[in-house]
Amino acid sequence: MKDNKRITIRDVARRAGVSPSTVSRVISGNPRISKETTERVLQCMGKMGYHPNAIARSLANSSSSTIGLVMPNGPGEALSNPFFPEALSGILRTSSAMSYDILLAAHHGDESDQLESIKNIINASKVDGIILMTSRCEDKSIDYLDSIDFPYSVIGSPEDGHRSFNHADNDNALAAYELTAYMISRGYNNLAILSGGRDLVVTKMRIDGFRKALYEAGIDCHEDQIRVGEFDEETGYSFGKWIAGSGNKINGVIATDDVLAFGAATALIENGIRIPEDVAVSSFNNSILSRRCNIPLTSIEINPGKLGEEAVKLVIDAIVNGERGKRVIVQHQLHKRLSTEGTDK
């Protein structure tokens with residue numbers, strides 16, 4: 001069977017016995033690289049069939065000192081969720097400290113439109129690297145950036161273990177597992193998980209963690225306990241109305257975002273459901289919504305600012321040193337509050 005694996009700078013560097021940054025300097029014609037090393041690297045490139053694209057070669061010779069930032073769903077919609085402003089704060093703080101500017105890639109939320117936006121800013125040589133703020137299943141933007149070996153990093157994880165790229169993330173499966181196990185330990189054994197982003201890797205991982213905790217506790221998981229829509233208050237509100245519906249036995253809710261939890265809690269209260277006496281509510285992000293809600297929400301802190309900071313370091317490492325496939329895991333913390341505890345802790 002033909003091996004279709006894409007050859008990268010790191011593969012060439014490994015074969016030539018040099019660093020990825022040395023390969024990048026050979027490609028750019030850096031005179032400080034010895035003739036012997038240059039010839040060895042070029043020979044390896046030829047034997048391995050590695051052909052650096054014109055864009056990468058151009059950027060190797062002249063840096064813009066700018067990083068392109070790609071928001072999901074268009075910047076306006078994304079910034080309405082507290083996660084993204086907090087992550088953006090970490091990105092701006094760190095990029096400034098490392099003497100890089102940020103260029104926001106404008107698009108209207110469609111995946112194809114996002115990809116077109118990325119192509120435009122790369123082809124115009126406006127950026128040295130790209131940060132993607134989400135990871136989708138079968139992500140076309142990631143496929144494209146890999147195909148041209150362009151420096152990038154992702155806030156999010158690969159879809160499976162067969163692919164690798166520079167990324168900063170939480171252990172989302174573990175976080176969801178721990179939150180679900182905590183809810184079960186509090187006596188909430190008929191749980192529902194509410195999420196947005198059906199095509200997002202983070203959604204898949206958190207649902208996997210939810211399922212695992214139920215399985216280990218000997219609790220059946222039915223498909224109607226897993227509700228996926230959009231990451232917005234309206235979706236949370238509609239899920240809350242479903243939970244409050246007649247005959248529904250759900251006594252605990254795990255929302256994968258505070259915005260969803262806030263909407264669900266609002267609907268539950270409006271329908272005479274007591275939190276946590278009738279239905280407990282927990283969530284992710286530990287944003288201001290969780291702390292300032294009428295009934296403060298138990299929530300997982302995922303440290304968006306730190307995720308943004310690490311994403312910047314990773315993409316600059318890719319730009320300067322040719323680093324590929326590096327993973328940084330940011331720790332999460334559970335904050336227990338009135339929505340599950342009955343007393344504010």
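Trainee: Is Phe 83 buried or exposed?
Mentor: Phe 83 counts as buried because its relative accessibility is 11%. Buried means under 20% relative accessible area, exposed over 50% and partly exposed in between, with a 1.4 Å probe and protein chains only. This is a predicted model, where local features need pLDDT of at least 70, side-chain atom pairs count only at pLDDT 80 or more, and totals for chains, interfaces and linings use all residues. Residues are numbered from 1 along each chain as its sequence is written, and side-chain values use heavy atoms, leaving out hydrogens and water.

Trainee: How many aromatic pairs are there?
Mentor: The count comes to two. Rings of Phe, Tyr and Trp (its six-membered ring) pair if their centres lie within 6.5 Å; planes under 30 degrees apart are stacked, over 60 edge-to-face, and the rest tilted. Phe 83 and Phe 84 form an edge-to-face pair, 5.0 Å centre to centre with 90 degrees between the planes.

Trainee: And which pair is tilted?
Mentor: That is Tyr 152 with Phe 165, at 6.0 Å centre to centre and 40 degrees between the planes. The pair links distant parts of the chain, 13 residues apart: Tyr 152 is in strand β4 (residues 152-155) and Phe 165 in the loop between β4 and β5 (167-169). Helices (H or I, at least four residues) and strands (E, at least two) are DSSP runs, numbered from the N terminus. Tyr 152 is buried, with a relative accessible area of 5%, and Phe 165 is buried at 4%.

Trainee: Switching to α12, what span should its 13 residues have?
Mentor: Helix α12 (residues 258-270) should span 18 Å, and its end C-alpha atoms are 18 Å apart, which agrees. The expected span is 1.5 Å times one less than the number of residues.

Trainee: What covers the buried residues of α12?
Mentor: The cover includes α11 (233-244), α13 (288-292) and strands β6 (191-196), β8 (252-255), β9 (280-284) and β10 (298-301). Among the buried residues of α12 are Val 259, Leu 260 and Leu 268.

Trainee: What follows α12?
Mentor: Gly 272 does, with a positive phi near 75 degrees.

Trainee: Last one: where is Asn 251?
Mentor: Asn 251 is in the loop between α11 and β8. Asn 251 is buried, with a relative accessible area of 18%. Not counting residues up to four places away in sequence, Asn 251 touches residues including Tyr 188, Leu 191 and Asp 278, where contact means heavy atoms within 4.5 Å.
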